[in-house]
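Please look over the sequence and the model shown below before reading on.

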Amino acid sequence: MWPFPKKKQLEFPDFWWAYEEHFKHPLPELIKDNTFIVLDTETTGFNLTKDRILCIGALKLKDNNIVVKDSFEVYIEQEHYDVGSAEIHGILKKSKRNRTSELEALKQFLVYIENQVLVGHHVMFDVNMVNAALKRNGLPKLKNENLDTESLYKRTLLISTVVQKKDRYTLDDLAQKFSISRKDRHTALGDAFITAIAFLRTVEKLKPKKIKDLIRKQGPLRFGL
Amino acid sequence: MKNTISERVADFLKNYPPFNSLDNKQLDELSLQVTIIHKESNSVVFSEKEEPHAYFYVVNKGAIALTKKGSSQILDICDEGDVFGLRPLLAQESYKLEAKAYEETILYAVPIKDFKPLALENKRVGNFLIESFASNTRNPYSIKHRGKLYGVTANTTENNPSTKILDLQPVRYSTDLVTCTEGTKIKTVATTMAKHNVSSILVLNGDLPLGIITDKDLRQKVATGLFPITGSAKSIMSSPVITYPKELTVAQAQMAMMKSNISHLVLTEDGTADAKAVGILSKHDVMLALGNNPAVLLRAIKRATDSKRLRSIRHGIMTLLQGYLEQNIPIGLVSKIISELNDASTKRIIEITLDSMEVKPPVNFTWLTLGSQGRGEQLLNTDQDNAILFEDVPEEKLEETRTYFLELGSKISQELNTVGFEYCPADMMASNPSWCHSLSEWKDVTSHWINNPGPEEILLSSIFFDYNVTYGSKALADELSHSIFDHARRYPQFLTHLASGAMQNPSPSGFFRDFLVEQDGEHKDFFDLKLRALMPIIDAARVLILSHSIKSINNTAERYEKLAELEPNNRELFLACSYASKALLKFRTRQGLLHNDSGRFIALDQLNKEEKIKLKRTFKTIKEIQSLIEIRFQVKNLLR
């Protein structure tokens with residue numbers, strides 16, 4: 001056969017292929033062998049099409065260890081800018097932080113996360129924001145597994161008719177519950193760190209051995225469990 | 001290049017030695033190299049004989065226990081900010097101890113290869129680590145270990161400013177001299193000494209001191225038969241006497257006694273033997289001034305003639321207490337000694353007051369101390385809780401008798417206040433008509449409490465039922481005890497109510513082991529040690545021991561020990577309770593001495609990490625004993 005290169009392949013840059021390559025390897029079975037990417041994004045708002053990511057912070061968690069220097073923090077150049085949300089995250093349009101272009105930031109992020117499980121508080125929001133950014137740059141969606149600390153945390157709570165569970169638990173709620181200092185709240189990496197500690201403490205309570213069990217635990221409680 | 005997390009790490013480290021000696025740039029760079037490790041409860045950081053890690057560790061949150069393998073005894077607890085696992089930094093040897101997470105813990109692992117250059121470069125850092133390692137204490141800067149580090153035992157006279165001042169204080173000496181003349185017969189000398197309860201007598205020639213006769217002279221020269229008892233004072237006195245001026249400080253007096261190897265100094269107007277003798281100073285007086293001997297203090301109490309004197313003796317008791325705590329003498333022993341001394345003071349006050357009353361008590365009475373003093377747990381000057389129990393008198397005499405005892409009660413309580421026992425804010429004192437009853441009245445009152453166990457009655461019983469006889473007829477109190485047990489047996493519901501009373505105290509810790517502090521009022525944000533920790537454990541002991549009909553043991557720790565004996569199946573829990581009650585008492589006492597108050601309210605931010613851990617450790621025991629009580633006395637069935 002004539003060796004036509006697949007047309008689709010040509011549209012994506014090399015870093016994407018390198019990223020996809022990682023998914024050929026399955027995740028380790030046991031939790032302690034897995035590296036978790038705990039991430040948080042600061043955005044200009046909650047609208048997936050209109051709003052933009054200002055900053056991505058992430059760190060790696062493996063076998064209960066966080067290597068400080070092996071953390072990820074990238075600030076992205078902005079076109080769209082919302083004065084309102086700047087009050088929350090304090091990222092001004094022209095701050096002194098070194099900025100990178102959105103594409104460069106995504107590239108670095110993909111290199112950093114590989115095929116590891118993404119962990120975040122309300123992780124789907126962060127994942128969707130990243131996916132929206134990927135789409136703007138003509139790239140497909142993230143392929144990683146996700147873990148949401150809120151869902152996991154809810155599973156640690158006692159099921160009781162007396163104590164009414166709250167519907168939502170913010171990162172602040174968790175930080176308070178787990179006595180984590182709320183310093184650096186609303187910086188991406190700072191929030192990622194709080195999320196990481198909350199994640200560790202939650203996992204200790206749930207005590208699953210395997211990554212599959214952990215992913216399943218996010219779902220609502222089933223009968224027989 | 002720093003990032004948000006490394007800033008966070010640096011922000012923590014900069015508060016603790018040795019990192020506080022690093023400059024910002026060094027700290028930032030070091031923080032970047034740190035690995036943050038989460039350790040589950042009971043997981044091992046490193047074990048004995050394990051190859052050295054490339055890191056040493058700083059505890060960020062939680063606690064690490066260091067143990068020797070095979071023994072469950074914890075050698076050390078490392079808490080927030082503590083450094084451990086330093087061995088590989090100094091020697092390429094395996095670990096000698098096992099480090100285990102005592103609770104869920106977050107560690108900062110500092111890489112040795114990055115840290116060592118800093119330690120070599122910065123002398124303060126290096127010294128800290130070497131000292132910390134060598135002395136086997138984690139924090140050589142802590143006051144507690146300061147002495148040990150340099151191989152000298154803590155010298156309180158050097159460090160403690162108050163003792164220093166005391167040393168230079170003029171010494172108290174006895175001014176009412178017991179004297180005799182050269183010609184006095186030895187037998188008369190001895191009788192005089194016995195009558196005045198003194199250990200020495202001054203032989204005078206007019207006003208001038210000629211010689212001195214001490215217990216020792218009588219023992220060595222007379223009792224041995226060396227001199228006949230019919231002889232005169234001259235034959236056995238030590239002469240000439242060693243005289244000093246009356247303005248003598250404690251330190252000088254000590255030196256003088258040591259120099260001449262004598263136990264008594266004669267003080268004269270100008271310090272020479274040719275002047276009027278004004279006082280005599282014994283070694284005992286010096287010891288008393290130093291306040292380091294319970295026997296001496298006890299004798300001083302028995303000799304005291306007014307409450308002001310007793311007040312200064314109490315200061316001595318406090319010094320003694322502080323000394324005991326510094327020397328880590330078992331708190332059980334300490335509380336025994338101190339409550340003996342407190343009891344003796346109270347007794348002495350009662351004796352003094354009785355003497356001052358115009359008429360003798362019309363009938364026998366018993367002075368009961370209640371609450372903590374009754375339990376023998378009153379180490380600090382806390383409130384006085386007391387009651388008077390007097391013999392039954394004919395109806396027509398009752399009010400008259402009560403009036404007498406009320407007056408006596410008020411006087412005693414006033415004197416006690418002078419000595420340093422605060423008035424009870426709830427007015428539970430013998431000066432209050434409802435705490436001054438005849439035996440049959442007391443029987444009625446207590447049976448009313450037992451039959452109608454409302455919250456108030458339960459509270460009153462829980463204070464009253466720890467009574468202890470301080471003065472007077474023990475038989476009266478015993479009769480009352482019998483009556484109480486009789487009623488308690490007939491109304492078993494009472495114990496359930498008492499148990500529910502023991503459960504009323506708010507919990508000491510919140511969901512994630514945080515201390516629960518007071519929400520409002522004067523002590524907002526303080527931890528109420530008495531209400532949240534001591535009371536539950538004391539109340540539980542009371543209800544359990546009463547359910548076994550035992551009245552003779554009042555002390556909480558001893559009550560638990562007895563319970564452990566009575567109920568072998570719960571032995572472990574009861575022993576843990578005994579330990580916890582001692583630990584909490586010690587804690588309160590330390591805090592009280594530190595802040596010179598009752599030790600009840602604690603500012604948590606002023607506790608060091610070790611103290612916090614210790615405190616928290618007792619909470620678990622409290623919870624367990626509370627659930628035992630809840631089940632045993634079926635508190636849940638009670639409509640509250």
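How do the residues of the lining of the second largest pocket divide into nonpolar, polar and charged? They divide into eight nonpolar, 13 polar and 12 charged, where Ala, Val, Leu, Ile, Met, Phe, Trp, Tyr, Cys and Pro count as nonpolar, Asp, Glu, Lys and Arg as charged, and the others, Gly among them, as polar.

This is a predicted model, in which local features need pLDDT of at least 70 and side-chain atom pairs count only at pLDDT 80 or more, while totals for chains, interfaces and linings use all residues. Residues are numbered from 1 along each chain as its sequence is written, chains are lettered from A and ligands numbered from 1 in the order in which they are written, and side-chain values use heavy atoms, with hydrogens and water left out.

**Pocket and cavity**

The second largest pocket holds about 810 Å³ of space. Of its 33 lining residues, B:D343, B:G374, B:N468, B:V469 and B:N554 are the closest to its centre. Helix α16 (331-356) and strand β18 (468-472) of chain B are among the elements that each supply at least two residues of this lining, and α16(B) gives the most, with nine residues. Helices and strands here are DSSP runs (H or I, at least four residues, for helices; E, at least two, for strands), numbered from the N terminus.

The structure also holds one cavity of 30 Å³ or more, and the largest cavity has about 30 Å³ of space. Its lining is formed by B:F465, B:Y467, B:S481, B:I484, B:F485, B:L546 and B:K551, and by class this lining has five nonpolar, one polar and one charged residues. The largest share, three residues, comes from α21(B), a helix that also supplies at least two residues of the lining of the second largest pocket.

Both kinds of space are found on a 1 Å grid over the protein atoms alone: a cavity is a set of points where a 1.4 Å probe fits but cannot get out, a pocket is an open set with protein on both sides within 12 Å along at least five of seven lines, and lining residues have an atom within 4 Å of a point. Grid points are joined across faces, edges and corners, and a volume is the space filled by probe spheres set on the points.

Chain B has 26 helices and 20 strands, and 53% of its 640 residues are buried. Buried means under 20% relative accessible area, exposed over 50%, and partly exposed in between, with a 1.4 Å probe and protein chains only. In helix α4 (residues 112-121) of chain B, the buried residues are B:I112, B:F115, B:L118 and B:A119. They fall within an arc of 125° seen down the axis of α4(B), so they line one face of the helix; the arc is that of the directions from the helix axis to the C-beta atoms. The face turned away from this buried side carries the exposed residues B:K113, B:L120 and B:E121.

| Residue | Relative accessibility | State |
|---|---|---|
| B:T268 | 0% | buried |
| B:E391 | 31% | partly exposed |
| B:S549 | 31% | partly exposed |

B:T268 lies in strand β13 (residues 264-268), and the residues that it touches, not counting those up to four places away in sequence, include B:P209, B:Y244 and B:V278. B:E391 belongs to the loop between β16 (386-390) and α18 (395-419); 49 residues separate B:E391 from B:S440 in sequence, yet the two are 8.4 Å apart in space, C-alpha to C-alpha. B:S549, in the loop between α23 (529-547) and α24 (556-566), has a positive phi of about 55° although it is not a glycine.

Terms used
Contact means heavy atoms within 4.5 Å.
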